[in-house]
Amino acid sequence: MGRVLTWGFVGIIVLVLVAGPAVPAADKAAPVEVLKQKLRELDRWLGNDAHAPGWRQFLKVDVLTAELDKGAQADRTVVRGILDRYESRHVAGLDRKRFVAVRGALANWLAELPTWPAEQLPEAARAAKKSFVTVTGAEVEQERERLAAAVAKLTRFLDAATAEDAARWKASLNWPQLETTLAAADRPDTRRLQAISEQFYQDVPGLERSEFVAVRQTLDKYVSLAVFASNADARKFYENHLDALAERLASYHQRPTTDEAIAIGKMLGWMERFGQARELIEAARSRHSHPNLFLEVSEALMQAGIDQNVDERAVVNEVILGTRVRGNARLTGAVTLNLVASDNNAAMDILLNGSTVSDSIGYNGPVRVFSRGFTSVAAKKSLLLDETGISDRPASARCSTRTRIGNVEAGHLIKHIAMRRIQQTKPQAEVIASRRAAGKIAASVDDRSHDLLGDANVAFNDKFRLPLLRRGGFPQVLRFRTTDEAMQVTMLQAGRDQLAAGTTPPPLNGKFDLAVRMHESLVGNLSQTVLGGITLTDEGLAKMIEDLTGKVPEELAVTDESDPWSITFASELPIEARFDAQTVKILIRGKRFGRGDQEVRKLLEISASYTIEKLPDRARLVRQGEVQVEFVGRQSLSTSDIAMKSFMKKKFDGLFKPEIVSEGLVLPERWKGMGKLQLQQLGCDDAWLALGWLKPPAAAEVQVARN
């Protein structure tokens, strides 16, 4: 069972990285009714206390009651303002459970209230001018105190860590400069703090811990408030910002384009950073930022890499009803994966069905009993997959043992007694053997799966979850679900300054074993998290390409004769994609380029466009024109600029070949022997790329078709 389980768990995690049933939730009270109840409880708790009138006035209890009476027509802006009061961090006492209960219920009700339709967002943006929030010096100082508290907590954590870990983290974070800057008697240098804040977003193991995240969040908040409070023209700038946003929103509603979405995303992020127009921000995102990745893997494809036959042998050595039993057993059967319908996560069972045949000898005093046992085996291990990784439930097993007595060796008189005794105890012995077999198989499955689950989660966390958490770019939405036929993954990748897909994905034109629908926003948004500001050397790029494609183009191969070179990606949108009219455009942005001892620090864009077509036996991408390499906003170039531009063009000519042909998709690990997945759907239009593959038919299926 060890090898079988290993491939089962490894197979599941490979499918997720590369390419028991959920219980329906019980009926819940409507959010508006829950809020009314919590508000009544708060009112009773406040009672006639001397401070009750002040609390009711500050929390606008009468105003909230009036909005509740309006039902779905309640003014979201008013409700948002009241929620902001419940969330005030500078008011002592709001952490008491009655206030917290109302705050939670109020947030749930607000989330349920309808937002402005897309056509009303431009006018809502202009109307938000009256909702300007002034940032006071006192609020800035309170945020500084919270930052100092977060730094103090992190300091205690670092002091308790090993000397090696503490030194590594402090070096990565420029710790001495942070302490010096915060110790300044007057207002700390916000530019320096902003630079230090960026160090907290490195992909350094450990920076995902809550102690580091708390410092980076409060540091960002303090810098934002301090900058906004120090700007005497903040309100004027805010109002002009809203006018520009209104125009963008109107244009995007008429004709959604990626360039407009990028601009709107930055504008919304600016307002969120400075605590302005929260209601407008949420409404715009709810209308214009939707999931930008849909992945579907069929049960048949998952089974192709996980299902296998079992043929294992074991030694029997047991005591049953006082008789020592020794012998050999052989388990034969099959392991298969079965998807379980679930809307809350991906649920699946690994099933083992088979039988064990054992030949054994029982020893009890002078009597030896030769027997053959037949045990049916049915075991199940339930797995759940969600955004945190794979979890499991205790394994279960059902076994039923039947024995057939062969020869009994004993003296004539004793043999007669022994035979009678065997017939009397045989049913009980079979029950005991069945129970023990089930317990052993279930325990064995759990023991072996413990380490295997750990390895699978390490892969999931190390390759996906933790790097994105450290970089502050874990998907806003990452949902797993299963039907009886497929596992489905939905993802919304967008940072604070970004929007995701503005439209719904195109439909699939059939059932596929592997289907991917990707919006072009995913490429830009995810690349900003993973590659923004990162320096990649020639060796690093060659390894990345080899991992993805299995080979390195000659132009990008690293040799003893080649000059070492590097690219530092732009902090914003280091890689972009455009999907339209069966054409794919890829654009790479770098802000620093090195070659040997030469260096150019200017924004350079490298791009290539391909038309794509699906042929009966392959897919083909044909490059349109030359690879474009241009310095952004530069009318004249120096000699070193021209040399670097020519060098980079030669290198990326090797990456963007004139023609790229794919004859099928080869999956890794256990799926390699299955052959190439055949592309059946290839669509590229309106900012979406849609791909659908079918697995090659098995030999048995081919024979049936021929017959």
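Tutor: We will go through some strands, helices, cysteines and loops of this predicted model.

Student: Great. Which strands make up the open sheet, and in what order?
Tutor: The open sheet has 6 strands in the order 8-9-1-10-21-20, with antiparallel pairing.

Student: And which ones are the edge strands?
Tutor: Strand 8 (477–482) and strand 20 (678–685) are the edge strands, each pairing on one side only. On average, neighbouring strands of this sheet are turned by 10° against each other, ignoring direction.

Student: How many bridges join strand 8 to strand 9?
Tutor: There are 6 bridges between strand 8 and strand 9 (residues 486–492), and the two run antiparallel. If you want a residue pair to look at, Arg-481 is opposite Gln-488 in strand 9.

Student: Which helix lies across strand 9?
Tutor: That is helix 18 (residues 520–531), which lies across strand 1 (293–298) and strand 10 (514–519) as well as strand 9. Helix 18 runs at about 75° to strand 10.

Student: Switching to helix pairs: at what angle do helix 5 and helix 15 cross?
Tutor: Helix 5 (residues 76–86) and helix 15 (residues 278–288) cross at roughly 120°, and their axes come within 9 Å. The two helices are therefore oblique to each other.

Student: Which residues make that contact?
Tutor: From helix 5 you have Arg-76, Thr-77, Arg-80 and Asp-84, and from helix 15 Arg-278, Glu-279 and Glu-282. Sorted by class, the contact has 6 charged residues, 1 polar and no nonpolar ones.

Student: Nice. Now strand 14: how many bridges join strand 12 to it?
Tutor: Strand 12 (residues 565–569) is joined to strand 14 (residues 583–595) by 5 bridges, running antiparallel. Ser-566 sits opposite Gly-594 in strand 14.

Student: What about strand 13 and strand 14?
Tutor: Strand 13 (residues 575–580) is antiparallel to strand 14 and joined to it by 6 bridges. Here Arg-578 is opposite Lys-585 in strand 14. In the hairpin of strand 13 and strand 14, 2 residues lie between the strands, and Ala-581 has a positive phi near 50°.

Student: And how do strand 14 and strand 16 pair?
Tutor: Strand 14 pairs with strand 16 (residues 604–615) in the antiparallel sense, over 8 bridges. Arg-589 faces Glu-605 in strand 16 as its opposite residue.

Student: What does strand 14 form with strand 15?
Tutor: A hairpin, with 2 residues between the strands and a positive phi of about 60° at Gly-596 in the turn. The pairing of strand 14 with strand 15 (residues 598–600) is antiparallel over 3 bridges, and Arg-595 stands opposite Gln-598.

Student: New topic: how many disulfides are there?
Tutor: The count is 0 disulfides.

Student: Is Cys-399 buried or exposed? What about Cys-684?
Tutor: Cys-399 is buried, at 14% relative accessible area. Cys-684 is buried too, at 1% relative accessibility.

Student: Last one. Where is Lys-60, and what is its phi?
Tutor: Lys-60 is in the loop between helix 3 (52–58) and helix 4 (61–70). Its phi is positive, near 50°, in a residue other than glycine. With 34% relative accessibility, Lys-60 counts as partly exposed.

Student: And where does Asn-174 lie?
Tutor: Asn-174 lies in the loop between helix 9 (163–173) and helix 10 (175–182). Asn-174 is not a glycine, yet has a positive phi of about 55°. Asn-174 is partly exposed, with a relative accessible area of 34%.

Key
Residues are numbered from 1 along each chain as its sequence is written. This is a predicted model: local features need pLDDT of at least 70, side-chain atom pairs count only at pLDDT 80 or more; totals for chains, interfaces and linings use all residues. Side-chain values use heavy atoms; hydrogens and water are left out. Two strands pair if DSSP finds at least two bridges between them. Helices (H or I, at least four residues) and strands (E, at least two) are DSSP runs, numbered from the N terminus. Axes are lines fitted to C-alpha atoms, for helices over the stretch in contact, and angles run from 0 to 180 degrees between N-to-C directions. Contact means heavy atoms within 4.5 Å. Angles under 35 degrees count as roughly parallel, over 145 as roughly antiparallel, 65 to 115 as roughly perpendicular and the rest as oblique. Ala, Val, Leu, Ile, Met, Phe, Trp, Tyr, Cys and Pro count as nonpolar, Asp, Glu, Lys and Arg as charged, and the others, Gly among them, as polar. A disulfide is a pair of cysteine sulfur atoms within 2.5 Å. Buried means under 20% relative accessible area, exposed over 50%, partly exposed in between (1.4 Å probe, protein chains only).
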